[in-house]
Amino acid sequence: MLARKNLITIGLVLMALVVAACGTAATPAATTAPVATTAATRAATAPSGGATTAATTSAATTAPTTAATTAPTTAPTRAGTAVPGSGKSITVAATWGGGEREAFLAVVDAFTKKTGIPVVYESMRSGMGAILRTRVAGGNPPDIALDPRPGEVAEFARAGNLVDLSKFISNDDFGKSFNQAYIDLGKVDGKQVGILFKANSKSTFWYKPPSFQQLGVQPPKTLDDLFAIADKYSAAGKTPFAIGGKDGWVLTDYFENVMARVATPQQYNDLHMTHKLAWTDPTVKKALTQLARFFNPKYVPGGAQGVLGTQFVDSIGQVFGANAKAEMFYEGGFVGVIATTDVNKSLTPEKDIDFFMFPQVDPQFGDPVIGGGDTAMMFKDTPEGRQFMQYLISKEAADVFATTNTISPNKQVDPTKFPSPLARKEYQQLANAKVFLFDGSDLAPSALGGDFEFTKLQDLVGKPGDVDRIAQELENFAKGAY
């Protein structure tokens with residue numbers, strides 16, 4: 001689990017993160033059950049669970065002893081013939097599959113074409129932290145990994161497992177590509193050990209414009225407005241929301257957006273990073289009570305059991321698939337890529353799929369953006385690995401990423417490179433945010449934010465009236481987690 005000192009350090013950084021400059025962005029990643037799987041072939045067709053997909057466990061948790069493993073393959077260069085290189089390949093691991101994997105491999109291909117260095121990509125879609133800890137202990141980590149949890153990055157850094165990037169990337173070079181807040185997100189105890197390469201907003205609420213038009217409603221500004229729309233759908237015999245609650249991280253993202261709209265940024269960070277705010281605090285209970293409103297049985301396909309039995313990507317299909325069962329869907333900006341590439345390729349952005357800002361709860365707290373991101377960290381210091389990390393901070397890499405409708409917080413990115421208006425819209429949401437807060441469960445000790453909180457919010461799905469009990473159980477666990 002994270003040391004208190006680490007949590008406070010990250011907290012100070014994130015409290016200062018007020019996003020106002022163009023090019024500022026950040027997102028998600030989260031988790032599924034800790035089963036260590038490694039699959040890295042382009043032929044794999046399973047859709048990704050998001051930059052926010054990959055379960056995490058406590059640092060003290062022993063990694064699974066059995067793992068379904070597919071040998072990673074070197075990503076071919078689609079962009080053309082690569083220039084001669086050293087002949088030495090590097091291995092890069094991340095949580096991405098499906099469309100997100102393809103987006104990253106476009107960057108990999110461009111790097112290989114430019115340098116001649118082959119890259120082997122490993123998709124660690126479940127239990128990334130546990131897999132990496134096992135690999136590090138065995139002396140066989142990947143050269144580079146992109147981790148969605150800042151706490152895990154800090155754990156590896158404090159254990160002496162990561163390369164200090166300032167050895168070969170100057171402060172000026174970092175400053176050309178990133179605002180200081182994003183640079184600081186990659187620092188642990190003053191050392192630059194990471195690069196926040198992929199970013200998403202997690203305050204995007206997805207809907208079907210034709211469905212809204214048929215119902216005669218506009219995107220809501222407040223949570224009460226949203227539930228008024230939900231009631232109108234129900235009265236028309238339709239199901240308002242689909243929620244993939246089998247993946248517990250989805251529920252934490254809901255909670256974080258609501259919490260940020262009933263509390264100050266300081267309270268939000270005090271709850272997740274330092275535990276200075278108790279889970280039994282009235283603001284937390286207010287957030288849990290507002291969250292519980294989504295679990296009205298008439299609002300979701302199959303009621304509580306439907307929520308708990310549906311995984312993230314499958315729930316996207318319940319709204320945007322060929323046989324849709326619901327009308328609205330909350331999750332991060334990465335949903336746009338997954339929905340249009342993995343779920344339903346016939347979708348036309350803005351016409352068939354669009355999003356609005358997660359609605360306000362209390363106007364005094366405005367419209368904060370919750371986000372997350374994947375941080376590139378370097379386990380092995382090699383010339384080839386150094387070239388790859390240098391490439392990741394370049395405008396070229398950010399622009400290649402943008403051509404796949406995937407967002408980097410690199411401030412040099414050219415917004416016109418995004419083919420999809422959804423990606424440009426998300427980029428602007430991030431760039432124009434007055435307040436940006438990092439995914440709270442990703443900042444909490446992994447035993448709490450990656451495990452226990454999942455189960456307690458799943459408990460809330462089935463027992464939405466048990467806010468007091470669930471808050472107390474979260475508080476009891478949190479006392480021993482920090």
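Are Glu100 and Lys198 buried or exposed? Both residues are buried, and their side chains meet in a salt bridge with an N to O distance of 3.4 Å. The pair links distant parts of the chain, since Glu100 sits in helix α2 (residues 98–115) and Lys198 in strand β8 (residues 194–201), 98 residues apart. Side chains of opposite charge can pair when their charged atoms come close.

The mean pLDDT is 84, with 82% of the residues reaching 70 or more. Over residues 1–82, however, pLDDT stays under 50. The model has 285 contacts beyond four places in sequence for residues 1–82. Where pLDDT is low, the predicted coordinates should not be read in detail.

The chain has 482 residues, of which 61% are buried. Its secondary structure consists of 20 helices and 14 strands. Of the contacts between residues at least 6 apart in sequence, 80% join residues at least 24 apart.

Helix α4 gives a local view of burial. Eight of the nine residues of α4 (residues 150–158) are buried, so the helix is largely enclosed by the rest of the structure. The buried residues are Pro150, Gly151, Glu152, Val153, Ala154, Glu155, Phe156 and Ala157. Just after α4, Gly160 adopts a positive phi of about 80 degrees.

Two packed helices are described by the angle between their axes and the distance between the axes. For helix α9 (residues 248–259) and helix α19 (residues 446–462), the axes come within 8 Å and cross at roughly 80 degrees. An angle of 65 to 115 degrees counts as roughly perpendicular, and α9 is therefore roughly perpendicular to α19. On the α9 side, the contact involves Gly248, Trp249, Leu251, Thr252 and Phe255. These meet Glu453, Phe454, Leu457, Gln458 and Val461 in α19. By class, the residues of this contact divide into six nonpolar, three polar and one charged. An α-helix has 3.6 residues a turn, so residues three or four places apart point the same way.

The salt bridges can be followed through the rest of the chain. How many salt bridges does a search of the whole structure find? The search finds 22, the pair of Glu100 and Lys198 being a salt bridge of 3.4 Å. Arg101 forms a salt bridge with Glu102, and the closest N and O atoms of this pair are 3.6 Å apart. The two partners fall into separate burial classes: Arg101 counts as buried because its relative accessibility is 5%, while Glu102 counts as partly exposed because its relative accessibility is 25%.

Another salt bridge joins the side chains of Lys298 and Asp231, at 3.8 Å from N to O. Lys298 lies in the loop between α11 (282–292) and α12 (303–308), and Asp231 lies in helix α8 (residues 223–235), so the pair ties together parts that are 67 residues apart in sequence. Lys298, at 47% relative accessibility, counts as partly exposed. Asp231 is also partly exposed, with a relative accessible area of 34%.

Salt bridges also link residues into a network. This network connects Lys456, Asp459, Asp466, Arg469 and Glu473.

How values were computed. Residues numbered from 1 in each chain as written. Heavy atoms only, no water. Buried < 20%, exposed > 50% of the residue type's maximum accessible area, 1.4 Å probe, protein only. Helix = DSSP H or I, 4+ residues; strand = E, 2+ residues; numbered from the N terminus. Salt bridge = Lys/Arg side-chain N within 4 Å of Asp/Glu carboxyl O. pLDDT = per-residue confidence, 0-100. Contact = heavy atoms within 4.5 Å. Axes fitted to C-alpha atoms, helices over the stretch in contact; angles between N-to-C directions. Parallel < 35°, antiparallel > 145°, perpendicular 65-115°, else oblique. Nonpolar A, V, L, I, M, F, W, Y, C, P; charged D, E, K, R; others polar.
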